[in-house]
Every structure is written in structure tokens, then in C-alpha cells.
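Reader: I'm new to this one. Could you show me how to read a few of its features?

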Amino acid sequence: MVSLKSNQGFAAILIVSLLPCLLAGLFLVTVLMSFLQIDLELKHRCRTGGLSGQAAVRPYLTALLALNPLATTLKAQETILLAKLAAAIASGNPPAIAALKVQLAKIRQKRQELDIRQKQLIQQSNVSLARHHSTTHYQIRHRSAEIQNRFFFLNLNLRALPENAPRLAVRPDSSDIAPTYSPEENFETRQALAHRWQYRLTPRGPLAHFLSGSFQFEKACAVTLTKEARGWNTLITKGKYSLKSVW
């Protein structure tokens, strides 16, 4: 009987002594679940903004590349007319010279109009990419302000890291007006709408007795365009992220 009471007393003492650890463990699990929920929300916002941005740019890119055959045709026509004009001048044929100059002026006018259209498509793409990038970055920053010091025993700081907005990742084949355009090397990387954010977790209060130092997480996501058989499609990439502990 005495032994039973002793065992019960020992168990009670053990439970009381372990209670702070159990509570701390429960708290950490709760924090972890909340942290994962926040991180999933940020990834969702990043990916949603990226998908929307690239979907808006895709028609501009498709239209720009679709103008390449016209650019090639007009360039070839101008080259032929220049050769004919040189021959007419060399032979001293004023009527032919006049007619060829009229044709050449029309071709050059078409090339000038094409060049303006190409630049408009590129500019519209860049404006759209910048707008979507800025909107998503603002959402991440706004969310960071909402969760500062959210947990009583833990400082959870979120910071949106700087990341430049992309520009339409195409390049002309020459510096002439109305060139043909093609995707740049490493197109998917250069075209990506990418964002990074950083968490810093620091225990405080009673929890600091069980955990010391701080933990830093850097997460990222990116959305780009990729070439497929049926055209351009959006692609979600993981982006780079890292984990650091600071003591």
C-alpha cells in the first residue's frame, strides 16, 4: 500500500516537473502549424500573382513573335528594291528610279509601322510584369506587418526581400528597325516573376529558457513562361530558399 502511494507520488512529481516541457512542446507544435499556414498563404499569393502576370503577358509575347515573318519579308523586299534602285541609277533610267523610290518609301513606311507595333507589345509586356510584380510584393509586405509579434512567447518577423521585376525576355536580331525577335538565353529564368521573403523566429519569455538563439528562414517562389508544342504556357518554379540558425 505504501509502495503504491509512493509510486503515485513519484508519478505526480514527474508530471509536474515535465509539465513546462509538455506545454512548451505543445506551444511549438501550435506555432509550427501557424507558421506553415502563413507560409502556404504567402506561396499562394506569390503563385497566384505570378500566374496572373504571365497569363497577361503571354498574348503580347505570342503576338510579337508572330510578327517575325512579316519583319523578314519586309526586310527582304527592301534589300531587293535597294539593289534594283542602284542598278537603275547606274544605268541612268529616271522613270525606273522614280518608281523604285516610291516603292521603297512604302516598304520603309511599313517597316516603321511594324517597328512601332513591336515596341508597343514589348512596352505593354514590361508594364504588365512590373504591375503584377509590385502588387504581389506589396501583398507580402502587408502580410508581414500583420503578423509581427503574433505569438506571445515568440517573435515572428517576416520581411519581403527585394527582387527586381522582370522585363520581357526577348532580343532583336539586329539594331535595325523592325528586327525579328527571339527569346533570350535562359528565357525561363529571365522571364520569371520571382519573390523572396524571410522569417526570423526568436524565442522570448519563458520559452527562451528552453530554446536560445534565433532561426532564420528564407523562402521563395517564381512563375515563368515555357515553350511547349501548343505555344507558351505558365510554369511554377520553386525558387531558391535557405535555412539558417543564429546563436
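Reader: Is N186 buried or exposed?

Author: The cut-offs go like this: buried is under 20% relative accessible area, exposed is over 50%, and partly exposed is in between (1.4 Å probe, protein chains only). N186 has 56% relative accessibility, so N186 counts as exposed. Bear in mind that this is a predicted model, where local features need pLDDT of at least 70 and side-chain atom pairs count only at pLDDT 80 or more. Residues are numbered from 1 along each chain, and side-chain values use heavy atoms, without hydrogens and water.

Reader: Where does N186 lie?

Author: Helices (H or I, at least four residues) and strands (E, at least two) are DSSP runs, numbered from the N terminus. N186 sits in the loop between β3 and α4.

Reader: What about phi?

Author: Most residues other than glycine have a negative phi. N186 has a positive phi, near 55 degrees. A178 has a positive phi too, near 50 degrees. A178 is in the loop between β2 (170-172) and β3 (181-183), and at 3% relative accessibility it counts as buried.

Reader: Which residues is E188 in contact with, leaving aside neighbours within four places in sequence?

Author: Contact means heavy atoms within 4.5 Å. E188, in helix α4 (residues 187-191), is in contact with T224, L225, T226 and L235. E188 is partly exposed, at 36% relative accessible area.

Reader: What joins the side chains of E188 and T226?

Author: A polar contact is a pair of N or O atoms within 3.5 Å; within protein, one must be able to donate a hydrogen and the other to accept it, and residues adjacent in sequence count only if both atoms are side-chain atoms. Here the polar contact between the side chains of E188 and T226 is 2.6 Å.
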